[in-house]
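Here's a quick briefing on side-chain contacts and surface features. Have a look at the structure first, then read on.

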Amino acid sequence: MKALLLLATGVVGLIETVAPRPVVRGWIRVAFRNPGDVEPREWVYAAARAEGAVVVAGALLGLYRLADADDLDDPHADRAASSADV
């Protein structure tokens, strides 16, 4: 379950990194009563892109740590894999 949440978070961060304008537009619709009256400055899109990159990096780091922890929890995983190859 944790891996699925990390993967979903990474995908959302990737979308925010690649296309920050639709994401910012969506948040403006949620945050303001009259979203048509609000025009974000150009730095908001750069900040959203940077935020998306940080979210992607955090999700990848979390997935890496989760996979590394699974390998450490099963000390016989290497032996089981090598005996299955025979």
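Keep in mind that this is a predicted model.

**The salt bridge**
- R21 and E42 are the partners, and their side chains meet with an N to O distance of 2.7 Å.
- This pair ties together distant parts of the chain, with R21 in helix 2 (residues 20-31) and E42 in helix 3 (residues 42-73), 21 residues apart.
- In general, side chains of opposite charge can pair when their charged atoms come close.
- How exposed are the two partners? R21 is partly exposed, at a relative accessible area of 40%, while E42 counts as exposed at 53%.
- The cut-off explains the two labels: exposed means over 50%, so E42 at 53% makes it and R21 at 40% is partly exposed.

**Around the rings**
- R21 has another contact to show: R21 lies over the face of Y45, 4.0 Å from the ring centre.
- As for aromatic pairs, the structure holds zero.

- L4 has a relative accessible area of 57%, and because exposed means over 50%, L4 counts as exposed.

Key. Residues numbered from 1 in each chain as written. Predicted model: local features only at pLDDT ≥ 70, side-chain atom pairs only at ≥ 80, totals over all residues. Heavy atoms only, no water. Salt bridge = Lys/Arg side-chain N within 4 Å of Asp/Glu carboxyl O. Helix = DSSP H or I, 4+ residues; strand = E, 2+ residues; numbered from the N terminus. Buried < 20%, exposed > 50% of the residue type's maximum accessible area, 1.4 Å probe, protein only. Phe/Tyr/Trp six-rings, centres within 6.5 Å; stacked < 30°, edge-to-face > 60°. Lys NZ or Arg CZ within 6 Å of the ring centre and 35° of its normal.
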